[in-house]
Amino acid sequence: MNIPVKNNVCWVGKIDWDLRKFHGNELSTHRGSTYNSYLIREEKVALIDTVWGPFAKEFVKNLSSEIDLKKIDYVIANHGETDHSGALPELMRLIPDAPVYCTANGVKSLKGQYHEDWDFKVVKTGDRLNLGNKELVFIEAPMLHWPDSMFCYLTGDNILFSNDAFGEHLASEFMFNDLVDQSELMFEALKYYANILTPFSALVEKKIKDVLALNLPVDMICTSHGVIWRKNPKQIIETYLKWANKYKENQITIMYDTMWSGTRVMAEWIAKGITQADKSVTVKIFNIGTSDKNDVITEVFKSKGIIFGSPTINKGVLTAAASMLDELRGLGFKDKKAAAFGCYGWSGESVQIINDHLKAAGFSVVDDGLKLLWNPDDAGRKTCFEYGKSLAGKL
Ligand code: FEO
């Protein structure tokens, strides 16, 4: 199924309805994804990106039904990660002489993965490729999402091909932003940003400002995952600028792991205290041992503060809590506050450990946290409630 995009541009990618885990098992994709590839047929023919390797044969067969492959003059590899380049070996076996346009880092990643000496043409920001009446303008975009990433822009049609940026993992046969459920679309775009692009927010902001400074009219943004932004494409650019700039809503996320429910009870009474003290704040609670990690991180992204709990086990924290603390450190959230809690039976180190990890992850830890011995009784619940009330002001 190929989809007309605009004039001589059509989508020749793959909708992956089945995908539920991405990046190995790192990222949940509850709504599947798409790998978007675009064919531009001007006087010269250019193919932008391919699809993930398992779909390589299907991709090439489908592309062959759309065009005689030998008529492809240029292959553009905006990003070497295998979800976009995975079908290149299958394609290049059939058109081995076609030049592959990519960044200098793109050559490294493509050679590193496929060990092929294709006719690489290294491009830099501002370089142009003449397609006849229109041109492709290349714009390097390092760390959106890898050091090798780039965008390209099609003059005349005013289309920005942004690869990972502005994308989302959302399978839909409708493929355009105005045709899909808006809340699903924006949730998936947010989840994508929160889980993949958060560490690179400063670069995201700078790159968007660089692109805006070029004063190129942008009628469409063709990403490499999810829908094509054709209705008010600036909305996702403006939204990215907000997300990149220490984004937070009036939300506090409580996350905990628990062995015998003591820390869960603490979480619930802390939440009651917060809402008693501040009825305007949204409070969400997640058991990180049973919740989807990426959904929780998406909520952290939206939060002005988090409260993190674990009981003590073997002088440490529970496994899911340890894993989440590591994840938070890698993502490097900015300008968020945090507190810790947990119950214990014997030694009780968990709260201090959580505080240390939260500080190392860049959170402003607002106090020493709250630890309770054994399961909270009525007095313990009241202590949690009062602690929640105090956190309402501090977070
Ligand atoms: Fe969609 Fe960084 O690959």
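Thr34 is part of strand β6 (residues 33-35); helices (H or I, at least four residues) and strands (E, at least two) are DSSP runs, numbered from the N terminus. The model is a predicted one, in which local features need pLDDT of at least 70 and side-chain atom pairs count only at pLDDT 80 or more, while totals for chains, interfaces and linings use all residues. Residues are numbered from 1 along each chain as its sequence is written, and side-chain values use heavy atoms, with hydrogens and water left out.

With a relative accessibility of 0%, Thr34 counts as buried. Here buried means under 20% relative accessible area, exposed means over 50%, and partly exposed is in between (1.4 Å probe, protein chains only). Neighbours within four places in sequence aside, Thr34 is in contact with Lys14, Ile15, Asp16, Leu170, Ala171, Ser172, Met175, Ser224, His225 and Gly226. Contact means heavy atoms within 4.5 Å. Between Thr34 and Val365 there are 331 residues in sequence and 39 Å in space, C-alpha to C-alpha.

The protein is divided into domain 1 (3-244) and domain 2 (252-390), with bounds that come from an automatic or database domain assignment. Taken over C-alpha atoms, the centres of domain 1 and domain 2 are separated by 39 Å. Domain 1 brings 13 residues to the contact and domain 2 brings 12 residues.

Helix α1 (residues 56-66) has buried residues at Ala56, Phe59, Val60, Asn62 and Leu63. Seen down the axis of α1, these buried residues fall within an arc of 165 degrees, so they line one face of the helix; the arc is that of the directions from the helix axis to the C-beta atoms. Turned away from the buried side of α1 is a face that carries the exposed residues Lys57, Lys61 and Ser65. The cover over the buried residues of α1 includes β7 (38-41), β8 (45-48) and α3 (88-94).

Leu63 also belongs to the largest nonpolar core, which has 90 residues. A nonpolar core is a set of buried Ala, Val, Leu, Ile, Met, Phe, Trp, Tyr and Cys residues joined through side-chain atoms within 4.5 Å. Leu63, Phe166, Tyr240, Phe308, Leu328 and Leu358 touch the most other members. Helix α5 (residues 182-197) gives the most to this core, with 8 residues. Both domain 1 (3-244) and domain 2 (252-390) give residues to this core, so it lies between them. Apart from this core lies another, of 28 residues, which has Val9, Trp11, Ile48 and Leu129 among its members. Residues up to four places away in sequence not counted, Phe308 touches Met255, Ile288, Ala321, Met324, Leu325, Leu328, Ala339, Ala340, Phe341, Ile354 and Leu358.

The structure holds 18 aromatic pairs. Rings of Phe, Tyr and Trp (its six-membered ring) pair if their centres lie within 6.5 Å; planes under 30 degrees apart count as stacked, over 60 as edge-to-face and the rest as tilted. Tyr74 and Tyr101 have ring centres 5.5 Å apart and planes at 85 degrees, so the pair is edge-to-face. This pair links distant parts of the chain, 27 residues apart, with Tyr74 in strand β9 (residues 74-76) and Tyr101 in strand β10 (residues 99-102). Both Tyr74 and Tyr101 are buried.

For Tyr193 and Trp243, the ring centres are 5.7 Å apart and the planes are at 55 degrees, so the pair is tilted. Tyr193 lies in helix α5 and Trp243 in helix α7 (residues 234-244), so the pair ties together parts that are 50 residues apart in sequence. Tyr193 and Trp243 are both buried. Through ring pairs, Phe166, Tyr193, Tyr240, Trp243, Tyr247, Phe301, Phe333 and Phe363 are linked into a cluster.

Phe301 has the charged end of Lys336 over its ring, 5.9 Å from the centre. Such a charge sits over a ring if NZ of Lys or CZ of Arg is within 6 Å of the ring centre and within 35 degrees of the ring normal. Lys371 lies over the face of Tyr344, 5.3 Å from the ring centre.

Two loop residues remain. Met143, in the loop between β13 (135-140) and β14 (150-154), is not a glycine but has a positive phi of about 75 degrees. Trp374 lies in the loop between β22 (370-373) and α12 (378-394), and its phi, near 60 degrees, is positive in a residue other than glycine. Trp374 is partly exposed, with a relative accessible area of 47%.
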